[in-house]
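Hello,

Here is the structure I promised to pass on. Please have it open while you read my notes below.

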Amino acid sequence: MHSIIFILIIFLALLGYVLAHVWHIVPLPVWGKWTLTTICLLCFCCEFLSFGAIDRMPLPLASLIYNLGNKTVIIALYLAIAFLLLDMGRLVHIVPRSMLHDNLPCTIVIVSLLAAVFIYGSIHYHHKQRVAIDIDSHGKVEQPLTAVLVSDIHIGYHNRRADLAKWIDMINAENPDMVLIAGDIIDMSHRPVAEENMAAEFRRLKAPVFACLGNHEYYSGNQKALNFYHDAGITLLVDSSANCCGITITGRDDRTNRNRESLPQFAFDTTRFNLLLDHQPYHLEEAEKAGIDFQFSGHTHRGQIWPMTWIVDAMYECAWGSHQRGNTRYYVSSGLGIWGAKYRIGSQSEYVVMNLR
């Protein structure tokens, strides 16, 4: 509860700072400034409506409000960065005070730069990167196999069934022996997933699908998520294991569940190739001590946008990409989909093709 209040205070402070500068810098009459400020406030309020209230709205309207609210927050963040730089420039007498008051050229420059950044961010999000990794099984598998690994799909009000259909086609084009998903298939609400029957898209996958839970499955309602996995034909591993193509796949419950099994309690047959799905990449040393050959995780999104990428990189031992501890290999994915606004600035949307030799 305290963390929610703290985040709300930060949001309101950010909004107040941005709106104060927008009021001063945009060369409009007073009624125009009030109109612009009101529009900005309404757009920002959409962010709060996206937490539950939109579930009672028609799907197209709910999708519009979700996207508008999340985009407004990101735009406000980048406006705050721009105004902060201008304020710093003013304090050291590089930027004249007149630039921040009813200045049309400065307004045009800021709007143009932000437009360029967000156009790039949108294009970069929709361009999915194919990441190929080769793993040596050290003789633990009899023949090579290919697996497509994805995380953080986040289907919902923003990533709709049409988006998911393209991603399923992309995965099928790899002709994998198996598909592994490291949690957060569902975004925040089960409603759009059910209303668009997105489970049918997963049933088009031509290979066995295994997955573990993520924190967003808990946010969307754990039982509904479990029912969705069943309808989608996905083998859900919750502190359990399955054998496929000669390897052992173990999926951990998400650490949102504080009562999940600890990794040392699993009995791993080290003569087999052991692959672990664990949504959140904390305590990587546990997989190393347990003799896991390869761990696949997600969750971080690598911050999604700069400068959040810097913060996330500092939070984790490995926030994105390949990593190794002893004989254990890791890959932490920045995710195929996204939570919130559909922008990638300083990170990438990706899927991983693992070739196991």
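β8 and strand β9 (residues 294-297) pair in the parallel sense, over 3 bridges. Within that pairing, Leu275 has Phe294 of β9 as its bridge partner. Please keep in mind that this is a predicted model.

Strand β7 (residues 247-251) runs parallel to β8, and 5 bridges join the two. Here Ile249 stands opposite Leu275.

How many of the residues of strand β8 (residues 273-277) are buried? The count is 5 of 5. In a regular strand, side chains alternate between the two faces of the sheet. In β8 both faces are covered. Phe273, Leu275 and Leu277 are buried on one side. Asn274 and Leu276 are buried on the other.

Together with helix α10 (residues 285-290), the two strands make a right-handed β-α-β unit.

Now for some backbone details. Most residues other than glycine have a negative phi, and most peptide bonds are trans.

- Trp306 and Pro307 are joined by a cis peptide bond, with omega about 5°. Pro307 sits in the loop between β9 and α11 (308-315).
- His93 has a positive phi, near 65°. Its place is the loop between α3 (59-91) and α4 (104-126). His93 counts as exposed because its relative accessibility is 73%, and the cut-off is over 50%.
- Asn175 also has a positive phi, about 50°. This residue lies in the loop between α5 (161-172) and β3 (178-182). At 61% relative accessibility, Asn175 counts as exposed.

Best wishes

Conventions. Residues numbered from 1 in each chain as written. Predicted model: local features only at pLDDT ≥ 70, side-chain atom pairs only at ≥ 80, totals over all residues. Heavy atoms only, no water. Buried < 20%, exposed > 50% of the residue type's maximum accessible area, 1.4 Å probe, protein only. Helix = DSSP H or I, 4+ residues; strand = E, 2+ residues; numbered from the N terminus. Pairing = 2+ DSSP bridges. Right-handed = clockwise from strand over helix to strand, strands pointing away.
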